[in-house]
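The points below concern its nonpolar cores, one of its helices and its salt bridges.

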Amino acid sequence: MLTRDRHTLIAERLRGRGSVVASVLAAELAVSEDTIRRDLRALEASGLCERVHGGAVAPVPQPVRARAGLARDEKDVIARAAARLVPADALVFVDAGSTNLAIAQALPLDRRLTVATNAPAIAALLYDRPGTSVILVGGRVEPHSGACVGVETVAAIADLRPALAFLGACALDAASGLTAFGHEEAQVKAAIARVSDAVAVAVTPDKIGTHAPFRVAPAEAIAHLVTLSPSPACAALAAAGVSVLYVGEGGG
């Protein structure tokens, strides 16, 4: 089994059971415990687990309100640059997520917009903003992401044709594309990507070069990536056809 496949299996096991034991995984996958420990270190670096003696446990999820305060300055810089991608007189979809909430706050005031969103927090931020019409795509609200999810959400998205969609990114790399930690969340994001003329991802560097269990869209489906600084993972995404905009100091 390839390293990437082991990581996906372990991440799914953590999500389903809440914990894994290194010796059990080593026996099941016919690899050494040292190999499993390296896998767990890599998953911990990606925020997918917390290592404990003998194995790992699933991380305690942080709600979107808590995440909004993390790396706030970085997210604001990324958001201001991403908001400049928005065309005038267009329908724009803004997916849930802390960086996307910052994008909603940074949307330009010099153009009329219709903003569709599956995030009640983003709808509440924009509903009385001059020149902006808001469409809230409903459904069951997932408390961790603050996003509406479910079959009703996916069905409502199918009736939209956004010129641009900002998708929230759980993980992104050239090989796996855009991926998510939850199945329902991935289904909604994939539905948004399918109906949009262009997809943009605005993300802090820690999520680039990582992957999560559920596929959203291939790298080739992403038109724009906005992040802080270059990296080999960003170069691989650019080679896949993604237009990468670096906005941090020294980012070019």
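1. Contact here means heavy atoms within 4.5 Å. By that criterion, and leaving aside neighbours within four places in sequence, Ile157 is in contact with Phe93, Val137, Val188, Ala191, Ile192 and Val195.

2. This is a predicted model, in which local features need pLDDT of at least 70 and side-chain atom pairs count only at pLDDT 80 or more, while totals for chains, interfaces and linings use all residues. Residues are numbered from 1 along each chain as its sequence is written, and side-chain values use heavy atoms, with hydrogens and water left out.

3. Which residues have the most contacts inside the largest nonpolar core? They are Phe93, Ile157, Phe166, Leu178, Val201 and Leu225, in a core of 58 residues. Helix H9 (residues 183-195) gives the most to this core, with six residues. A second, separate core has 15 residues, including Ile10, Ala11, Val20 and Ala26. A nonpolar core is a set of buried Ala, Val, Leu, Ile, Met, Phe, Trp, Tyr and Cys residues joined through side-chain atoms within 4.5 Å; buried means under 20% relative accessible area, exposed over 50%, and partly exposed in between (1.4 Å probe, protein chains only). In soluble globular proteins, nonpolar side chains tend to be buried together.

4. Helices (H or I, at least four residues) are DSSP runs, numbered from the N terminus. Helix H5 (residues 72-83) has 12 residues and reaches 16 Å from its first C-alpha to its last, close to the 16 Å expected; the expected span is 1.5 Å times one less than the number of residues. Its buried residues are Lys75, Ile78, Ala79, Ala81, Ala82 and Ala83.

5. The whole structure contains 10 salt bridges, each being a side-chain nitrogen of Lys or Arg within 4 Å of a carboxyl oxygen of Asp or Glu. One network links Glu33, Asp34 and Arg37.

6. Glu33 and Arg37 both lie in helix H3 (residues 33-45), four residues apart. Asp34 and Arg37 are three residues apart in H3, so about one helical turn separates them. An α-helix has 3.6 residues a turn, so residues three or four places apart point the same way. Asp34 is partly exposed at 42% relative accessible area.

7. A further salt bridge joins the side chains of Arg51 and Glu44 (2.8 Å, N to O). Arg51 is partly exposed at 41%, and Glu44 is partly exposed at 30%.

Key:
Helices (H or I, at least four residues) and strands (E, at least two) are DSSP runs, numbered from the N terminus.
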